[in-house]
Amino acid sequence: MRRIQVLHVEPTDVCQAACPQCSREINPEFNKNTKHHLRIEQLLRVFPEKNIKRLKKMFMCGVYGDPAAGTYTLDIYRYFRQVNPNIVLGMNSNGALQTTFYWHELGKLFSKPTDYVVFSIDGLEDTNHLYRRNVKWDKLVENITTYTSNGGFGIWEYLLFEHNEHQIYLAKFKCKQFGLDMIRFKKPIGFEDYL
């Protein structure tokens with residue numbers, strides 16, 4: 001445990017999206033009706049405070065859920081920052097969950113220059129929903145701009161598909177408009193033809 005420097009936390013198995021190649025959608029054993037939310041006390045049972053003090057980074061990136069859907073996600077981040085003020089905090093999210101108050105608080109909490117949120121947005125208003133199903137564009141934009149206007153560093157991660165490749169240049173413009181600090185494009189391997 002003393003050698004662990006980076007911790008990846010899965011705070012929940014809840015997500016509103018229905019991305020076709022997500023583990024939630026393709027794993028027949030996953031039960032969407034059960035909802036789990038990690039509490040600080042549960043985390044501390046397996047990863048005590050003394051180990052949190054030694055960490056360089058803690059991030060949340062969901063395999064079965066979006067970290068923003070976690071009931072106690074903000075509390076966990078606050079606790080880690082309180083115990084280890086120098087820790088790097090990170091999160092990956094589709095960005096369309098929670099209230100603007102939540103994203104306001106996260107933007108203020110992620111105040112270090114190395115803290116970040118990676119927003120998984122695969123296109124623009126007319127194409128993002130083709131893969132990020134059930135993600136509402138207006139809510140996504142409202143949350144991103146709230147987060148960035150409160151000091152949060154944001155990265156747009158854009159999966160390239162045939163239906164959204166033509167929007168690369170406009171996405172770069174939108175990235176700046178949303179207040180995001182950078183955009184990166186990724187070509188998915190193994191599920192290019194999911195539609």
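Predicted model: local features only at pLDDT ≥ 70, side-chain atom pairs only at ≥ 80, totals over all residues.

Colleague: How many nonpolar, polar and charged residues are in the lining of the largest pocket?

Modeller: The lining of the largest pocket has 13 nonpolar residues, along with eight polar and seven charged ones. In total, 28 residues line this pocket, and the space inside comes to about 590 Å³. If you want to find its centre on your screen, look for Cys22, Gly62, Ser120, Tyr131 and Arg132, the lining residues that lie nearest to that point. Two or more lining residues come from each of these elements: helix H1 (23–26), strand S3 (88–93) and strand S5 (154–159).

While you have the model open, the helix packing is worth a visit too. Two packed helices are described by the angle between their axes and the distance between the axes. Take helix H4 (residues 73–83) and helix H5 (residues 100–109): their axes come within 11 Å and cross at roughly 15°. Angles under 35 degrees count as roughly parallel, so H4 is roughly parallel to H5. Their crossing is left-handed. On the H4 side, the contact is made by Thr73, Leu74, Tyr77, Arg78 and Arg81, and H5 brings Tyr102, Glu105, Leu106 and Leu109. By class, the residues of this contact are five nonpolar, one polar and three charged.

H5 also packs with helix H7 (residues 137–149), where the axes come within 7 Å and cross at roughly 30°. That angle makes H5 roughly parallel to H7, and here the crossing is right-handed. H5 makes this contact through Thr100, Trp103, His104, Leu106 and Gly107, while H7 uses Lys139, Glu142, Asn143, Thr146 and Tyr147. These residues divide into three nonpolar, five polar and two charged. Leu106 of H5 is one to click on, as it takes part in the contact with H4 and also in the contact with H7.

How values were computed: Residues numbered from 1 in each chain as written. Heavy atoms only, no water. 1 Å grid on protein atoms, 1.4 Å probe; cavity = no way out; pocket = protein on both sides within 12 Å on 5 of 7 lines; lining within 4 Å. Points joined across faces, edges and corners; volume = space filled by probe spheres on them. Helix = DSSP H or I, 4+ residues; strand = E, 2+ residues; numbered from the N terminus. Nonpolar A, V, L, I, M, F, W, Y, C, P; charged D, E, K, R; others polar. Axes fitted to C-alpha atoms, helices over the stretch in contact; angles between N-to-C directions. Parallel < 35°, antiparallel > 145°, perpendicular 65-115°, else oblique. Left-handed = near helix turned anticlockwise from the far one by under 90°. Contact = heavy atoms within 4.5 Å.
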